[in-house]
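Trainee: Could we go through this model together, residue by residue?
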Amino acid sequence: MRRLAAVSWIALPLAGALVLSGCSSVKSTADDLQIVANPTAARPAVSPAVTVKPAGQVLGTGSVSAVAVDAKTSTLVVAVSSPAALQLYDLDALASPPVNMPLYGKVSRLTVAPGRVEIAEPDQGVVQQLTLPDRKLTETKTGGQPASSIAFGADRLVAMGAGKDIRVLPAAGPARTIGGQLYSADDVVDTGNGVVVLDRLRTAVFSVDVAGGKVDEGLRAGDGAANAVADSYGRVLVTDARAGALLAFSAAPLILKQRFPVPGGAYGIAYDATRSLAWVTLTERNEVAGFDVRGGEPVEKYRFPTVRQPDSVGVDEKSGRVIVGSAAGEGTQVIQP
C-alpha cells in the first residue's frame, strides 16, 4: 500500500487475497505512486481468434465500446463505434431488432442510474444523458475529453481524462472543477461511502471530497489499473490488466482490502448487486468469469467462453444475465448463468 505522504509496503501474496495491516513508512520526496518515468495507461490484452463457441446468444455485429443495462426498464444499451450509435434492445424480446440512436462519436463509458444512462464521448467533448423509456437524449458540452460520467444525487460527476480533474455539473448553476494530484481522471465511482476516481496513468485510485472540492489520498492499484466499479459493501473493485488481478478498496478510509489473482488479461468489470457477483472479462482468453465477492476473498462461481476481444461487460440484475461486448466487431453476447 502506498500513500502520497510516504512509501508503505505490504506483502501481497500472489495466491491469496486479504491485506489489511503490516504497513511501515519512510520519508520520501519522490512521487510515491509513480511506477516509471513515462507512464502509459493499461490497455486490454489482444485476444486470439475464437476457438470455442461463445456461450449464450450473440446479437448483431459491430465493434462494441461499452454496454449497460437499465433493469428498471429492461433495456440493454450497447454503444457501437462505426458508425457511432446506441443500440437499445428490449431484454424481454431480444429477437426484436434494436432501436438505433446515432451519436456524435465513440463512447468510452456508459453508466446507469434507474431510468437514466450517462454517455461519455471523449473525442467530441460531450457527455449525453439518455432517459428511459422515452429515449430522450440531452447533451452537455464539457470540452476536453470526458472519460466517464455518473449521476451523483441531483448533480453529475464527469471524469475528464487527460484534463486531470473531475467536473461537477449541478442540476442548476455553474459547473465547478475538482483537481489536484491526478495524471488522468479515467473513471469516477460513487461507493455510497465516498467517491473514488481511477487514474490509469498512475495506476492508482484517489478518494474525492466532492463537498470540499478536493482530491484526497491516493493508493497504488496494481501494475495496470484498467476499470472500476462499486460493489454492495462500500468498496471499489478494480481490474489490474498488467498483473492479472482483481483488487478491492474500501472508500472511507481508502484501504486496499483484497488482491486476488485473475490471470488471462483481466480488463472489463461489472457488478451484480443482487447476487454479489463481480463479472470480469479475460481478453487473453476470450472468457468472462463471475466471482462471489461476499467473503474474505473472491470465489469463482462461473466461467464462460466469449466473443473475441471482450473489452466491455454489463449485467442485468433482475435476471442475472451477463452482457459482453466485442471490441473486434463480433457483436454483443448475452449469457444466462
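Predicted model: local features only at pLDDT ≥ 70, side-chain atom pairs only at ≥ 80, totals over all residues.

Trainee: Is T191 buried or exposed?
Mentor: T191 sits in the loop between β16 (187-190) and β17 (195-199); strands are DSSP runs (E, at least two residues), numbered from the N terminus. Buried means under 20% relative accessible area, exposed over 50%, partly exposed in between (1.4 Å probe, protein chains only). T191 has 10% relative accessibility, so it counts as buried.

Trainee: Which residue has its backbone oxygen 2.8 Å from a polar atom of the T191 side chain?
Mentor: The T191 side chain also has a polar atom 2.9 Å from the backbone nitrogen of N193. For the distance of 2.8 Å, the backbone oxygen belongs to G194.

Trainee: Which residues does T191 contact, leaving aside neighbours within four places in sequence?
Mentor: Contact means heavy atoms within 4.5 Å. With those neighbours set aside, the partners of T191 are A230, G234, R235, V236 and A251.

Trainee: How many aromatic pairs does a search of the whole structure find?
Mentor: Rings of Phe, Tyr and Trp (its six-membered ring) pair if their centres lie within 6.5 Å; planes under 30 degrees apart count as stacked, over 60 as edge-to-face and the rest as tilted. The search of the whole structure gives four.

Trainee: What is the geometry of the pair F260 and F291?
Mentor: The centres of F260 and F291 are 6.0 Å apart, with 70° between the planes, and the pair is edge-to-face. This pair links distant parts of the chain, F260 in strand β23 (residues 254-261) and F291 in strand β26 (residues 287-292), 31 residues apart. F260 counts as buried at 13% relative accessibility, and F291 counts as buried at 2%. The geometry asked for is edge-to-face.

Trainee: And what kind of pair do W279 and Y302 form?
Mentor: W279 and Y302 lie 5.6 Å centre to centre, with 20° between the planes. W279 is buried at 0% relative accessibility, while Y302 is partly exposed at 31%. Ring pairs link these two and F304 into a cluster. The W279 and Y302 pair is stacked.

Trainee: Which residue does a cis peptide bond join to A252?
Mentor: The omega of this bond is about 5°.

Trainee: What is the phi of N286?
Mentor: N286 is found in the loop between β25 and β26. At 5% relative accessibility, N286 counts as buried. Although N286 is not a glycine, its phi is positive, at about 55°.

Technical notes:
Residues numbered from 1 in each chain as written. Heavy atoms only, no water. Helix = DSSP H or I, 4+ residues; strand = E, 2+ residues; numbered from the N terminus. Polar contact = N/O pair within 3.5 Å; in protein donor to acceptor, adjacent residues only side chain to side chain.
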